[in-house]
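Trainee: I have a structure open in the viewer, and I would like to learn how to read its features one by one. Could we go through them together?

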Amino acid sequence: MKIILKEYLASLKERGDLDKSVLPNLLAEIGLRVLNTPMIGTRQNGVDIAAVGKIKGEDDERFLYLFCIKAGNITRRDWDDGVQAVRPELNEIRDVYLRTNVAAEHAGLPVRIILCCGGELDETVLMNWAGYSTQNQTDKIKYQEWNGDRLADLMMRSLLARELLDETPRRSFQKAVAMVNEPSACYEYSRAFLHNLLVEEELAPNIQLLRLRQAYICLNAITTWAIEAGNLESTYTVSELGVMLCWNVLRTQPPRHRPIQHDRSLQVLLDQFIKLYLACSERYLAKTAFEHSKRLHALSTSVRSREAVDVNLALFELLGRLAIRGCWTASLAQTFTDEDAEFARALRESTGLVLDTMVQLINSNPTLNSPFKDDHMIEIALVMYLAQMTGSTPQFLPWLKSVAHQTTLALSINSHYPTCFRDYVDLLNHPVSADASYRAEACSGSVLYPYLFVWLEHSAGDDEKVEFKERLARFLPNCTHQAWLPDAETDAQIWRGETDHGVCVTDLSPQRGFDDVAETLNLAIENCTDINEISAVKSGLSVLFMAACRHYRLPIPPHFWLINS
């Protein structure tokens, strides 16, 4: 385990990884209070992180710890070459920070100036460090080196110690690391150790924080190695899973008029999980959709399969990831409008890029007009939800009407019409027969057709609506058209991946006419009010709930179908 951690630490970048992700969590767990973390664009005066307190099991008195952080190994070039080198920054700590930046309450504390790196000090710089630290230390100021070995020891002792990280999650974590080049195996082992750490209920507050920090650092390690292995699929799936299970811990916190320190610490950790997901999704989409969506059939060809079902499944998965990414950035942009105008602008630009990419992706890959699975309603609903959030609905209405036309046309020609089958072999062979009995089994229920029908009423002409209804009446007379709504058990189960919950509303057949279908849906929405008790929805994070629906393949509830109507 220590070897794994040392390699992970050595691979971290200084800015955003070691100084913002790993070290603050580690310092909090070993007993220090972090005073500040690096801010981009501001002068640090040599100090990347400042902390105060006593290290558990080491210090007998409180110290002011000032960290100068560097990535990887420190070589002779890093020592004295430029203003970002080690020696100039150490000089700034002594000459500037200690004179002007120390708060009055900490001015009397003894100081520890820490040269911290994820790797090691090269032999060529060891004498420089020894001479500098000896020459400049005083009775009040001491210098220390924290290299990868020291950090790994602290992590083993405080975050991932055998008595804290049990054998079961420890083994699952090590297996996830070993399988970072196998997406499905890496995801399953990651899911196993995250569940071991984060699903248990009624934990003491300090244990909640400890386990979330353990989970975050382990997840960070897995995504780091997956990136090195070129497996961006795993970085996306495990980082999204981490957000779900982190929220599973936060949702149990009792409501308070004023948040206490524990609440603020939990919120910081949630922010870190979300930032990890956003960074991983950005990297994943940059290598896939953002780069290749403009070229006709480029992404379809990249699936490297002769089977149409493989291409269809992969492209709808990519479309769903694009849409939920856009929902995240659009939602966060609204949150940060007043708090951080620059960050909100960057989020709006990211949302615009996602919208443009979705249009290009749909235009360049015709398979997205013909969903093979009924639960592709999830991806379609997310695209339209984002379109409504951003006022871009007209851009996607032609595609939506094309989907409605193609899905019913596929029924009439008996070719890859949407099915409720989920097993890959069944999808690969579908349709195996043109018999009505087979169609009745393959389309025994549908959440896709009611969704399309509701949108067609608002966007299509009379001929299109009549054609849609007549084809469904002819080929699927016994299909149960339905919608899914959350129930009282949903909030306790959805974040863990349980799918045996919720309410199914039937009688949504287009043959009943739009007025009857709308009345049934409105009545269901009025009577099934449990969505208002979903913790994420109550907290203003509806996008997190929809992300969970997509991740665990639950239909998007009708509350999010036509949000502007």
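This is a predicted model: local features need pLDDT of at least 70, side-chain atom pairs count only at pLDDT 80 or more; totals for chains, interfaces and linings use all residues.

Trainee: Where is E240 found, and is E240 buried or exposed?

Mentor: E240 is found in helix α10, which covers residues 232-250, and with a relative accessibility of 2% E240 counts as buried, since buried here means under 20% relative accessible area. Leaving aside residues up to four places away in sequence, E240 touches Y277, I324, A547, R550 and H551.

Trainee: How should I read a helix that has a buried side, and which residues of α5 are buried?

Mentor: The general idea is that an α-helix has 3.6 residues a turn, so residues three or four places apart point the same way. In α5 the buried residues are V125, W129, Y132, S133 and N136. Viewed down the axis of α5, these buried residues fall within an arc of 95°, and so they line one face of the helix. The face of α5 turned away from that buried side carries the exposed residues E123, M127, T134 and Q135, while the cover over the buried residues includes α3, α4, β4 and β5. As for length, α5 has 14 residues that should span 20 Å at 1.5 Å a residue, and its end C-alpha atoms lie 21 Å apart, which agrees.

Trainee: Which residues are buried in α21, and what do they pack against?

Mentor: In α21, residues K465, F468, R471, L472 and F475 are buried. Down the axis of α21 its buried residues fall within an arc of 135°, so they too line one face of the helix. These buried residues pack against α17, α19, α20 and β7, whereas the face turned away from them carries the exposed residues D462, D463, E470 and R474.

Trainee: How many aromatic pairs does the count come to, and how is such a pair described?

Mentor: A pair of aromatic rings is described by the distance of the centres and the angle of the planes. Here the count comes to 18 aromatic pairs. One of them is formed by F67 and W146, which are edge-to-face, with 5.1 Å from centre to centre and 70° between the planes. This pair links distant parts of the chain, with F67 in strand β3 and W146 in strand β5, 79 residues apart. Both F67 and W146 are buried, and ring pairs link F63, Y65, F67 and W146 into a cluster.

Trainee: What should I look for in the backbone, and which peptide bond is cis?

Mentor: Most residues other than glycine have a negative phi, and most peptide bonds are trans. The peptide bond from H430 to P431 is cis, with omega near -5°, and P431 has its place in the loop between α18 and α19. Turning to phi, E202 has a positive value of about 60° although it is not a glycine; E202 lies in the loop between α8 and α9 and is exposed, with a relative accessible area of 81%. H416, which is not a glycine either, has a positive phi of about 50°. H416 is found in the loop between α17 and α18, and it is partly exposed, with a relative accessible area of 25%.

Key
Residues are numbered from 1 along each chain as its sequence is written. Side-chain values use heavy atoms; hydrogens and water are left out. Buried means under 20% relative accessible area, exposed over 50%, partly exposed in between (1.4 Å probe, protein chains only). Helices (H or I, at least four residues) and strands (E, at least two) are DSSP runs, numbered from the N terminus. The arc is that of the directions from the helix axis to the C-beta atoms. Contact means heavy atoms within 4.5 Å. Rings of Phe, Tyr and Trp (its six-membered ring) pair if their centres lie within 6.5 Å; planes under 30 degrees apart count as stacked, over 60 as edge-to-face and the rest as tilted. The expected span of a helix is 1.5 Å times one less than its number of residues.
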